[in-house]
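Colleague: I would like to learn how to read a model like this one, feature by feature. Could you take me through it?

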Amino acid sequence: MTGASSGIGEATARRLAAEGYDVVAAARRRDRLDRLAAEVPAIRPATLDVTSAESVDALVGSLDRCDVLINNAGGAIGLEPVATGRVEDWQRMYEVNVLGSLRMTRALLPKLIESGDGVLLMLTSVAGLVSYEGGGGYCAAKHAQTSMTETLRLELCGEPVRIIEIAPGMVRTEEFSLTRFRGDADAAAKVYEGVPGPLTADDVADAIAFAVTRPAHVNIDRLVIRPRAQAAQHKVHRV
């Protein structure tokens with residue numbers, strides 16, 4: 001589980017541990033992972049930077065086997081229009097969301113195949129399905145990740161690996177919008193202002209656990225999950 005130190009990653013690590021999995025929770029912030037592992041014995045902390053091939057290789061080399069890979073590390077930075085987009089932000093989003101998933105997939109795919117019933121799950125976003133103003137860089141990265149998932153499913157047809165995409169809509173976590181608004185807590189809070197019941201990290205973890213624990217012959221190609229109040233990126237009910 002990449003990106004496991006907070007939000008959806010942490011919630012999913014906890015949920016899969018409760019489902020009986022031995023979970024390798026991987027992220028850059030080792031202090032958070034250590035606290036998580038101290039609370040949940042079935043979780044093993046692992047320091048990981050998905051933008052570093054050396055870091056990925058070190059983690060993979062420490063694993064005897066891998067039955068499930070969840071590419072969750074990612075995120076959005078900024079809401080500038082394309083015309084004034086910051087190249088460094090786009091590079092960072094692509095590096096983590098897309099190339100991070102590529103590094104992890106390439107490194108662990110042989111172990112997933114060897115398991116005889118592997119699961120490769122991409123945590124994408126509805127931003128990978130429909131674009132919106134101000135989301136150019138993030139939408140581009142998530143579209144790329146969605147395309148990678150679809151391509152993998154074609155290329156691995158006949159192999160004992162299920163390829164699953166979970167695409168959440170509005171999820172309120174402690175860090176996603178805060179990072180996007182460059183630490184502006186007031187601006188981040190306004191995203192969810194008046195929205196009755198945005199999704200939580202636990203809601204997405206529940207969807208991930210459902211998809212991962214289906215029988216080996218059942219593949220959840222794509223599961224789009226939104227709060228009831230969100231009909232589309234541009235259509236959100238507020239009170």
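**Reading the packing**

Modeller: The model is predicted. Start with helix α5, whose buried residues pack against β3, α4, β4, β5, α6 and β6.

Colleague: Which residues of α5 are buried?

Modeller: As a general idea, an α-helix has 3.6 residues a turn, so residues three or four places apart point the same way. In α5 the buried residues are G136, G137, Y138, C139, A141, K142, A144, Q145, T146, M148, T149 and L152.

Colleague: How does the span of α5 compare with the expected one?

Modeller: The 20 residues of α5 reach 28 Å from first C-alpha to last, close to the 28 Å expected at 1.5 Å a residue.

Colleague: How many bridges join β3 and β4?

Modeller: β3 pairs with β4 (residues 118–123) over 4 bridges, in the parallel sense.

Colleague: What about aromatic pairs, and why would one be called edge-to-face?

Modeller: The count comes to 1 aromatic pair. The ring centres of Y138 and F176 are 5.7 Å apart and the planes stand at 65 degrees, so the pair is edge-to-face; the cut-off for that label is over 60 degrees. Y138 belongs to helix α5 (residues 136–155) and F176 to helix α6 (residues 176–180), so the pair ties together parts that are 38 residues apart in sequence.

Colleague: Are those two residues buried or exposed?

Modeller: Y138 counts as buried, at 7% relative accessibility. F176 is partly exposed, with a relative accessible area of 29%. For an exposed case, take Q91 at 53%, which lies in helix α4 (residues 87–114).

Colleague: How should I read the nonpolar cores?

Modeller: In soluble globular proteins, nonpolar side chains tend to be buried together. In this model the largest nonpolar core has 33 residues, and those with the most contacts inside it are I43, L121, I166 and I208. Two or more residues each come from α1 (7–18), β1 (23–27), α2 (30–39), β4, β5 and α8 (201–212). The most comes from α8, with 8 residues. A second, separate core has 32 residues, including L48, V50, C66 and L156.

Colleague: What is I43 in contact with, leaving aside neighbours within four places in sequence?

Modeller: The contacts of I43 are A13, R14, A17, V23, A25, L36 and A37. V23 is also the bridge partner of I43 in β2. The strands concerned, β1 and β2 (residues 43–47), pair in the parallel sense over 5 bridges.

Colleague: Why is β1 described as largely enclosed?

Modeller: Of the 5 residues of β1, 4 are buried, so the strand is largely enclosed by the rest of the structure.

Conventions: Residues are numbered from 1 along each chain as its sequence is written. This is a predicted model: local features need pLDDT of at least 70, side-chain atom pairs count only at pLDDT 80 or more; totals for chains, interfaces and linings use all residues. Side-chain values use heavy atoms; hydrogens and water are left out. Rings of Phe, Tyr and Trp (its six-membered ring) pair if their centres lie within 6.5 Å; planes under 30 degrees apart count as stacked, over 60 as edge-to-face and the rest as tilted. Buried means under 20% relative accessible area, exposed over 50%, partly exposed in between (1.4 Å probe, protein chains only). Two strands pair if DSSP finds at least two bridges between them. The expected span of a helix is 1.5 Å times one less than its number of residues. Contact means heavy atoms within 4.5 Å. A nonpolar core is a set of buried Ala, Val, Leu, Ile, Met, Phe, Trp, Tyr and Cys residues joined through side-chain atoms within 4.5 Å.
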